[in-house]
Amino acid sequence: MAGSWEDNVQGDRSILEALTGADYESFREEISGIVDSPTDPLAIRTDGAWHLVSAVDAWMLLVSKLTHDDMKRFETIVEMVLAEDDPALELPRDQGWRATIDGKTRRYSGDLRRGLAQSLALLGIYGGTVALSGGVSGSDFANYLVRKLLEWASADGTGQAWESLADILPLLAEAGPDAFLDAVSAATAGDDPLLGTMFQDHTGESGFFSGGTPHSNLLWALECVSWSPDHFGRAVDLLARLDEIDPGGRMTNRPAASLAAMFRPWHPDSSVDPDRRITVLDTLRHRHPDAAWRLESSMLPESHGTHFPINAPAFRTWKPDKLSVTYGEIWKMTTAAVERCIEDAGDDAQRWSTILAHTSELPPADRERVVAALDSMADQPKFSTDFRDALWRALVDLIGHHREFPDAAWVLPDEELSRLDALAARYRPKSVYRRLVGLFESWTPYVGARRLDDYEGFERELGRQRIEAIKEIEAEGGFDAIARLARDALVPGSVGIALANAGSSYDEELLGWLAYEDQDLVSTAMSYFSARYSLEGFALITGLLERDDLTVDQRARLLLVARDNLPEAWALAAADPELETGYWAAFQPLGLGRDFDKIDEVADRLIQAGRHADVLHLMSVYSHVDKDGPRPQAAKLIVRALDGLLAHQAQSAAARYLSTYNFQQLFAYLEAMRDHLEPGDLVRLQWSYLPALGYDAKVPALSGSLAADPAEFVGVVCTAYRARPKSEEEVAEDQADEEQRDVSMATNAYRLLNAWDSPPGLVDGVMNAEVLRAWIDSAMELLAERGRTEVGLQRIGQVLCHTPPDDDGTWPGVVVRDLLEEVQLDNIETGLFVQIINGRGITSRGLEDGGEQELKLGADYRAKAEALADNAPRVAGVFRRIAASYESEARRNEGAAERFRRGLR
């Protein structure tokens with residue numbers, strides 16, 4: 001009845017004692033020889049846990065021997081174990097990983113919980129032969145227990161009780177499908193359904209520390225029940241209800257995805273025939289119309305579609321052994337989806353766009369249904385102008401896409417495209433603006449010329465059509481229509497360039513736009529004058545600047561378009577301080593070209609304008625382009641920009657576009673130019689920007705400063721760690737100090753100690769014993785004064801991992817070996833041990849690979865220990881500890897692999 005349990009979990013032992021009526025040690029001794037028989041074992045012990053070898057066989061053999069008293073004990077145990085609140089839920093979601101550290105763990109193991117839930121499921125399946133009092137069968141009793149558990153969960157209005165049951169919901173669904181579906185139905189009712197709390201994968205979360213989300217387990221449980229022909233309709237209905245509740249999130253595991261997998265025409269994860277699926281779909285259309293639309297539209301065919309199977313029962317035989325689908329069934333379900341999509345699309349242009357997006361993948365008969373429906377709607381006056389215009393745009397885009405690639409296998413036949421042309425003409429907008437705005441909403445609209453054959457020809461034709469569009473739009477709506485177009489256009493610069501090439505001057509109107517705050521109009525005006533400038537040269541700009549009615553903004557923006565005459569533009573701007581300020585505040589430093597030779601001048605001007613983040617981005621791009629050798633001036637500019645960003649980071653919106661890679665490039669450049677910087681600049685900046693340099697930060701200058709000065713090392717240790725208190729008074733003082741402690745400084749200090757890879761005593765690549773010993777003696781004295789001896793020595797041990805080997809390859813080298821043997825300090829050796837273990841990093845392996853990797857590492861370190869046993873016994877002892885650690889990890893991994901091989905979670 002327990003199914004599985006952990007041998008060393010006290011709560012599990014107490015449950016086994018309650019089930020058997022004997023103390024656990026006696027019980028284990030009594031059954032060991034019986035259940036662990038090498039020829040015919042009933043149970044196995046794997047990775048510290050006991051499991052039935054075959055739960056199904058055990059239940060089929062023993063279920064008839066269950067008594068009423070057994071069932072009452074089982075009921076008590078199930079309620080005690082399965083209805084236990086999960087203490088980890090008391091922590092914030094992003095702190096869930098701390099549950100084990102903080103002791104927020106259940107009294108009973110996950111193995112016992114799954115074992116009891118598994119027994120409950122098997123009782124529901126095979127309990128028909130168990131007769132209890134009052135004519136109740138074992139299956140009825142299982143359904144009763146499931147109902148009782150879920151009623152307990154639903155009584156908690158916070159939803160945490162349901163979350164606590166999440167890990168076993170699929171097994172509870174198998175144990176009592178009717179009780180499970182009743183409970184889900186009740187918990188999804190109303191305007192504020194209880195199960196809405198199960199969706200916790202909010203899109204704003206990073207996902208790394210936010211943990212899992214219990215709604216996945218709920219979906220797996222409903223997917224499991226959906227395989228039952230008796231429960232298919234109700235399971236689908238509840239999934240549709242959950243789809244209505246679902247707020248969306250970062251995971252792809254959604255109720256809509258479960259429904260789509262069940263109804264996918266070419267791979268339906270369902271045990272019922274197409275007619276029943278269609279009947280259920282029609283029922284959803286009345287009860288859950290929005291969810292039904294999402295489902296039926298997901299049934300439309302798509303090229304390169306993918307399928308992810310839904311969860312299957314662990315024990316129930318609901319799922320057929322073999323799933324197959326005929327072409328006739330695929331076409332039948334596809335046609336059913338098309339017919340219902342057409343009917344449900346109504347006057348929703350977005351829904352019709354969805355249907356049209358799938359048109360080319362539909363069978364000919366279904367494409368005809370779509371075209372016929374649109375044809376019948378074309379002349380109906382009830383549809384709005386916006387609806388008709390949107391349909392026309394969708395049709396035009398579809399036709400253009402197929403005409404762009406006439407040789408592709410998926411292209412519709414010419415006769416069908418011609419019919420679509422005729423259909424589109426019937427929806428053609430009366431407004432010139434609505435017909436032509438699409439030319440400015442896409443980089444590659446269909447214009448008749450194929451861009452794959454002749455891209456330059458395509459660009460010319462697109463430019464010509466945009467010019468003609470500008471003329472027609474202006475003729476229809478005047479210059480106000482052009483302003484509207486500038487705001488609606490999605491392709492930057494397209495309206496301005498077309499205006500510049502239209503043949504008629506719009507200088508007055510566009511000059512006016514240069515003074516506006518509306519960035520759409522400003523951008524259009526600048527692209528207009530940029531195009532004019534490329535045709536007429538700098539004389540255009542100087543001529544316009546001679547006007548005396550222009551504001552500073554207008555003059556600055558005119559100068560900004562003169563990208564090919566930067567020295568001249570800079571000179572004109574410099575003549576007027578206000579103009580110069582406006583110019584450099586808006587200057588675009590990107591796109592200057594690889595051969596641009598005035599990077600330092602641009603950077604200096606941008607620094608003066610307070611654009612420090614832009615300077616750093618610019619210098620990260622050009623810092624590696626040193627055709628004339630190192631540039632000390634560039635390094636000094638980077639230092640100025642880094643200092644400026646520190647001082648004004650709150651005001652710098654551009655800083656968010658600087659990546660870890662940008663900072664790594666900049667500091668690598670500064671390291672190469674270290675000799676040209678002011679003393680201390682690089683160390684100071686590496687400390688300040690350590691968080692921006694990423695997890696595996698490389699800070700040679702800062703790291704070297706710790707190796708050069710033991711006092712600086714001790715200062716960093718004291719910033720990162722509290723002193724070890726010696727008395728109750730010191731504990732109270734330490735708690736008071738903790739309230740004043742700068743958490744960000746402590747975090748940065750801890751980060752620096754992790755990045756520290758320059759060992760003391762390393763001189764010109766060789767370890768110097770005298771320097772190393774003097775540094776350690778000084779550090780130990782300072783650490784003792786500050787109450788940080790233990791943690792400080794561990795950190796010293798960690799940095800000794802970065803020392804070089806001897807010439808013969810032996811590591812650690814003789815200097816470090818002799819040091820460890822002389823000082824005989826356990827804490828340094830512990831640090832060495834920790835760094836070697838942690839330095840291995842992340843590993844990967846197959847699910848059945850076990851601990852082979854760790855066994856090999858353990859053997860390697862045992863061999864190293866043996867080689868050093870005589871002349872460096874303490875180092876050999878560290879290596880033996882490392883070997884033992886790897887061997888222990890190998891056993892854990894082997895146990896996990898064995899659990900997987902046997903189908904145990």
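Trainee: How many disulfides does a search of the whole structure find?

Mentor: This is a predicted model, in which local features need pLDDT of at least 70 and side-chain atom pairs count only at pLDDT 80 or more, while totals for chains, interfaces and linings use all residues. Residues are numbered from 1 along each chain as its sequence is written, and side-chain values use heavy atoms, with hydrogens and water left out. A disulfide is a pair of cysteine sulfur atoms within 2.5 Å. For the whole structure, the number found is zero.

Trainee: Is Cys341 buried or exposed?

Mentor: Buried means under 20% relative accessible area, exposed over 50%, and partly exposed in between (1.4 Å probe, protein chains only). The relative accessible area of Cys341 is 1%, so Cys341 is buried.

Trainee: Which residues does Met780 touch, not counting residues up to four places away in sequence?

Mentor: Met780 lies in helix α38, residues 769–786; helices are DSSP runs (H or I, at least four residues), numbered from the N terminus. With a relative accessible area of 27%, Met780 is partly exposed. Contact means heavy atoms within 4.5 Å. Leaving out residues up to four places away in sequence, Met780 touches Leu793 and Leu825.

Trainee: What separates the C-alpha atoms of Met780 and Lys698?

Mentor: Along the chain, Met780 and Lys698 are 82 residues apart.

Definitions and conventions. Helices (H or I, at least four residues) and strands (E, at least two) are DSSP runs, numbered from the N terminus.
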